[in-house]
Amino acid sequence: MLILLLAGAFCIVPAGADVSLDILQPSAHETVFAEMRDFYVYGTFVNTGEPADVRLRVYDSAGGLIRTLQSHVDSTGETSASSVDMSRIPEKQQWGGILAAEGITEPYGHANGANKVLVSKKWGYYLAYVQGGVTSADSGMYFDADENGELTPYSRDLTAGVYRIVVDVLDADGNMIRFIDGGGNRVDSIERTVSFGLTHASLGMFRPGENRDNVVSYARQNGLRSYIDWFPGYFQIPDGSAGYQIPALWQPNNGIEVVNRLGGTILDTPVSAENTLIMYNIGSSSTTLQVELAQILLAGLEDSDKTTYTYYDTGEISYTWVDRATGEVKTCSGVLTKYPDTSANDFRVIYTRADRSSEPIPENTVSLLPNLTKTIDVTPYDVTVSRGEYLALYGLTRPIQTDLSDAGTPYRYTVDDQIMRFIYTAGGVEYTFDGLLTRVFVNPDGSLYPAAQTNYEFGHVFTAEQTAEMPVGTTVYTVRGYDAAGRYVEDTNANITITVLPAAAFPQDTALLISILLAVLATSAVIVVIRKL
């Protein structure tokens, strides 16, 4: 929806006007930032007259001017490619040929932070990169230029407080030009108020789209931040056909929104950090894991009462199957539910659902194909299975204290440990399950793609051979969890009651054969890791 709105905005040129300008970002829901964060000011800019520049000024609550940025368009009215050093953006992370505001070098060189306003006539936008302090030590452009081109470091970071952004338009002689704003009014300038301080965000994967929608709606419903606006260093035009990434810029800005460990902050410190994370489909190379959750783990806040984890109570956003007993197509939708409090017994493991079928169910795999024939039980702590059936128990774990390894770019880490093994015991019988969950999603066109190794989720499958050997009757299995090194993890105990019935004959399931599913996964599915846009 946001992309459509932005695309539509670019097509509006007020009748009889030379210049129109509006602020699209910071958007209404994203005007509160972590202390010292960089941010974009972005919006429409259409000029059908003489070349004109966009100027942006930032004032503190006392009216003091602390940032002035201005574009320097060429005779065609846009930022010249010759004044942008695109070699500073990783070649593999730029597409579609647009220029980066962060790469502007004129006037007075790349170190001049005051020249970082880009104007594109082709796409009808302006983009300003305003620096708050988080990247000051590494970006090499945390400087202001005076009228003689002398560069001095910015004297103030954007610490806790309220700030006023003023955007206007100047002609070639530096005179202000009246323009049409987004409401159709002729104005001298437009403004937006932002604040810096404590933030509490709703975090989670933006794939699939339903989970993205839930991350955002959870934020809206609970008064939390969400990250729909682009982080500085990660920009693309509305239709996504052109853009660029600078991980060394956007990752620190993302990271401090989660846990701010920068020196010089006033309110925004690790002990104050609050976050809510939807635990669903978290890939091993995802930003959700390697940048966002990593900051929580790095600060030792995985069990803080200010860190909230939520999950879908049935394990999935929505789950559709063919009921074995009736042949009916059934659907159950998951409800976002908070993890158990750390004061609860065995709070580190949650079971969400049990599936059983006469057809093979692969270990640690959930297929979201809607035509699989199963029996579903949403009370997985007490389940029933017939001898010779497959029984799958799905659930989640809580992040545990762990070391983190440098993943190669600032604020990005590999999470070294989590609960990876479960051992079920009853009497003298023991079953061991290892690994993380893989989901098989279904695209709108019917094609499949797997999201492999989903962290903090599992799918333990008792095979037909194993259930055939289970004694008829009710058995309580004691479950314990272990980390990647095989060490027992406290608070992972659970009791699962399995009632085994004598073998029964069922109609042939109508599911796709597992061999076909696995073949599709091996040959045609493509894992696409998309940064939250």
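Predicted model: local features only at pLDDT ≥ 70, side-chain atom pairs only at ≥ 80, totals over all residues.

Reader: Which ring forms an edge-to-face pair with Phe458?

Author: For a pair of rings, one considers the distance between the centres and the angle between the planes; an angle over 60 degrees counts as edge-to-face. The rings of Tyr351 and Phe458 have centres 5.3 Å apart and planes at 75 degrees, so they form an edge-to-face pair. Tyr351 belongs to strand 23 (residues 349-357) and Phe458 to strand 34 (residues 457-462), so to speak of this pair is to speak of distant parts of the chain, 107 residues apart. Tyr351 is also buried, at 4% relative accessibility.

Reader: Which residue pairs with Phe462?

Author: Phe433 does: the two ring centres are 5.1 Å apart and the planes stand at 75 degrees, so this pair is edge-to-face. Phe433 is buried at 4% relative accessible area, and Phe462 is buried at 0%.

Reader: How many aromatic pairs are there by this rule?

Author: The count comes to 29 aromatic pairs. Rings may also gather in groups: Tyr40, Tyr42, Tyr125, Tyr129, Trp230, Phe235 and Tyr244 form one aromatic cluster.

Reader: Where does the charged end of Arg353 sit?

Author: The charged end of Arg353 sits over the ring of Tyr319, 4.1 Å from the ring's centre. In another case, Arg480 lies over the face of Tyr488, at 4.6 Å from the ring centre.

Reader: Which residues touch the most other members of the largest nonpolar core?

Author: To read a core, one looks for buried nonpolar residues joined through their side chains. The largest nonpolar core has 29 residues, and Leu21, Val41, Leu56, Tyr126 and Val167 touch the most other members. Several strands give two or more residues to this core, including strand 1 (19-21), strand 3 (39-47) and strand 8 (125-130). Strand 11 gives the most, with four residues. Leaving aside neighbours within four places in sequence, Leu21 is in contact with residues including Phe45, Val54, Tyr126, Val167 and Ile190. Another core, of 28 residues, lies apart from it; Met205, Ile282, Leu301 and Leu404 are among its members.

Reader: How many residues of helix 5 are buried?

Author: Helix 5 (residues 287-298) has 11 of its 12 residues buried, among them Leu289, Val291, Leu293 and Ile296. The elements that cover the buried residues include helix 4 (247-258), strand 18 (274-278) and strand 19 (307-312). Just after helix 5, Gly300 takes a positive phi of about 70 degrees.

Reader: Is Asp188 buried, exposed or partly exposed, and where does it lie?

Author: Asp188 is at 38% relative accessibility and counts as partly exposed. Asp188 lies in the loop between strand 13 (186-187) and strand 14 (189-197).

Reader: What joins the side chains of Asp188 and Arg178?

Author: A polar contact of 3.0 Å joins these two side chains. Asp188 and Arg178 are 10 residues apart in sequence, while their C-alpha atoms are 4.7 Å apart in space. Leaving aside neighbours within four places in sequence, Asp188 is also in contact with Asp168, Met176, Ile177 and Phe179.

Notes:
Residues numbered from 1 in each chain as written. Heavy atoms only, no water. Buried < 20%, exposed > 50% of the residue type's maximum accessible area, 1.4 Å probe, protein only. Contact = heavy atoms within 4.5 Å. Polar contact = N/O pair within 3.5 Å; in protein donor to acceptor, adjacent residues only side chain to side chain. Phe/Tyr/Trp six-rings, centres within 6.5 Å; stacked < 30°, edge-to-face > 60°. Lys NZ or Arg CZ within 6 Å of the ring centre and 35° of its normal. Core = buried A, V, L, I, M, F, W, Y, C linked by side-chain atoms within 4.5 Å.
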